[in-house]
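Work through the exercises below with the sequence and the model side by side. Each task is followed by its solution.

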Amino acid sequence: MSAAGDEAIGRDKPERTGFDEAAFHKVLTDTADLPLWLQPLATALHDVAPNWLSFRPRPRTLPGEPRRSAVLILFGAGGSADDPEPDVLLTERAATLRAHAGQPAFPGGRIDPEDRGPVQAALREAQEETGVDPTSVAVFGQLPELYLQPSDFMVASVLGWWHSPTPPRVVSPLEVAAVHRVPVAQLADPGNRVRVRHPSGYTGPAFHADGMLVWGFTAGLLDAILRLGGWERPWNHDRLEDLPEQVTALTVRSSTMRPADQRPFATGSGDADESGGDR
């Protein structure tokens with residue numbers, strides 16, 4: 001499913017079997033077990049505050065509980081042990097989905113009743129969407145939940161090290177059109193960084209990467225992750241582009257989505273805080 005947990009109409013999911021979370025993945029407690037290039041990010045997670053992106057909290061007047069979902073921010077590395085080339089796994093959502101159609105996203109989706117929390121949900125969804133084997137992932141952290149309105153979702157971001165990668169693939173074409181391992185260096189390249197403007201007036205960070213325009217919630221997370229990991233390079237925050245017509249057409253066609261669903265920062269004006277921290 002998507003980061004907001006929207007299901008594809010009539011999708012065919014793989015049959016689920018019993019899931020032993022302790023056996024299915026290794027949860028790292030020692031940062032030293034990670035590659036050197038990933039250790040600064042793992043260390044920075046310890047100091048992330050609950051309001052780390054200054055998202056607007058869920059109004060207390062809303063009835064019931066919010067819907068919960070989880071995404072997997074999965075880091076791998078190409079190259080060699082001496083000269084690694086870090087990357088992060090992204091999907092392109094199918095153009096036929098009811099929400100966020102055609103948009104780049106992290107693997108993830110709704111936390112189902114049979115899941116034992118966001119870690120299991122994120123790993124399960126990544127396997128169902130991209131074929132990632134949960135036993136090949138070492139989970140090393142989780143970011144505080146973020147509230148997305150008006151979809152009324154709380155989203156947990158699970159961070160993992162893909163220590164034994166296999167080629168990712170599209171497992172569920174009703175949900176995913178393509179799968180990409182995007183180099184971190186490409187995301188951090190100042191020439192690939194822009195701010196985009198939606199016709200609704202929203203502006204926020206975006207990336208030109210691997211033939212995609214990454215924007216919205218996913219770009220907001222990537223923007224913060226680059227800072228936390230020490231990968232961010234100075235870039236021109238005044239470089240502003242309108243979202244392409246084909247992108248805005250998909251967001252309008254998605255019947256269950258409104259522009260606010262796309263905001264990586266849902267406070268006040270809708271413009272991303274370019275400092276990337278608490279305001």
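Two strands pair if DSSP finds at least two bridges between them. Helices (H or I, at least four residues) and strands (E, at least two) are DSSP runs, numbered from the N terminus. This is a predicted model, in which local features need pLDDT of at least 70, side-chain atom pairs count only at pLDDT 80 or more, and totals for chains, interfaces and linings use all residues. Residues are numbered from 1 along each chain as its sequence is written, and side-chain values use heavy atoms, with hydrogens and water left out.

**Exercise 1. Strand 3 and its partners**

Task: find which strands pair with strand 3, and in what sense.

Solution. 
- Step 1. Begin with strand 2 (residues 67-79), which pairs with strand 3 in the antiparallel sense over five bridges. Asp87 in strand 3 is the bridge partner of Gly76. A hairpin of four residues leads from strand 2 to strand 3.
- Step 2. Go on to strand 8 (residues 176-183), whose pairing with strand 3 is antiparallel and has seven bridges. Here Leu90 stands opposite His180 of strand 8.
- Step 3. End with strand 4 (residues 104-105), which runs antiparallel to strand 3 and is joined to it by two bridges. Glu92 stands opposite Pro104 in strand 4.
- Step 4. Check the cover. Buried means under 20% relative accessible area, exposed over 50%, and partly exposed in between (1.4 Å probe, protein chains only). Seven of the ten residues of strand 3 are buried, and the strand is mostly covered.

**Exercise 2. The surroundings of Asp87**

Task: is Asp87 buried or exposed, and which side chain does its own side chain meet in a polar contact?

Solution. 
- Step 1. Apply the cut-off. Asp87 counts as buried because its relative accessible area is 7%.
- Step 2. Look for a polar contact (a pair of N or O atoms within 3.5 Å; within protein, one must be able to donate a hydrogen and the other to accept it, and residues adjacent in sequence count only if both atoms are side-chain atoms). The side chains of Asp87 and Arg181 are joined by one of 3.0 Å.
- Step 3. List contacts, meaning heavy atoms within 4.5 Å. Neighbours within four places in sequence aside, Asp87 is in contact with residues including Gly76, Ala77, Arg181 and Val182.

**Exercise 3. Thr203**

Task: where does Thr203 lie, and which residue's side chain is its polar partner?

Solution. 
- Step 1. Thr203 is in strand 10 (residues 203-209).
- Step 2. Thr203 is classed as buried because its relative accessibility is 9%.
- Step 3. A polar contact of 3.4 Å links the side chains of Thr203 and Arg195.

**Exercise 4. Helix 3**

Task: what span should helix 3 have, and what is the distance between its end C-alpha atoms?

Solution. 
- Step 1. The expected span of a helix is 1.5 Å times one less than its number of residues.
- Step 2. Helix 3 (residues 118-130) has 13 residues and should therefore span 18 Å; its end C-alpha atoms are 18 Å apart, which agrees.
- Step 3. Eleven of the 13 residues of helix 3 are buried, so the helix is largely enclosed by the rest of the structure. Among them are Val119, Leu123, Arg124 and Glu128.
- Step 4. Just after helix 3, Gly131 has a positive phi of about 80°.

**Exercise 5. Aromatic pairs**

Task: how many aromatic pairs does the whole structure hold, and what does the pair of Trp37 and Trp161 tie together?

Solution. 
- Step 1. Rings of Phe, Tyr and Trp (its six-membered ring) pair if their centres lie within 6.5 Å; planes under 30 degrees apart count as stacked, over 60 as edge-to-face and the rest as tilted.
- Step 2. The search finds five aromatic pairs. One of them, Trp37 with Trp161, is edge-to-face, at 5.7 Å centre to centre and 80° between the planes.
- Step 3. Trp37 lies in the loop between strand 1 (26-27) and helix 2 (39-44) and Trp161 in strand 7 (residues 153-162), so this pair ties together parts 124 residues apart in sequence.
- Step 4. Ring pairs also link Trp37, Phe75, Trp161 and Trp231 into a cluster.
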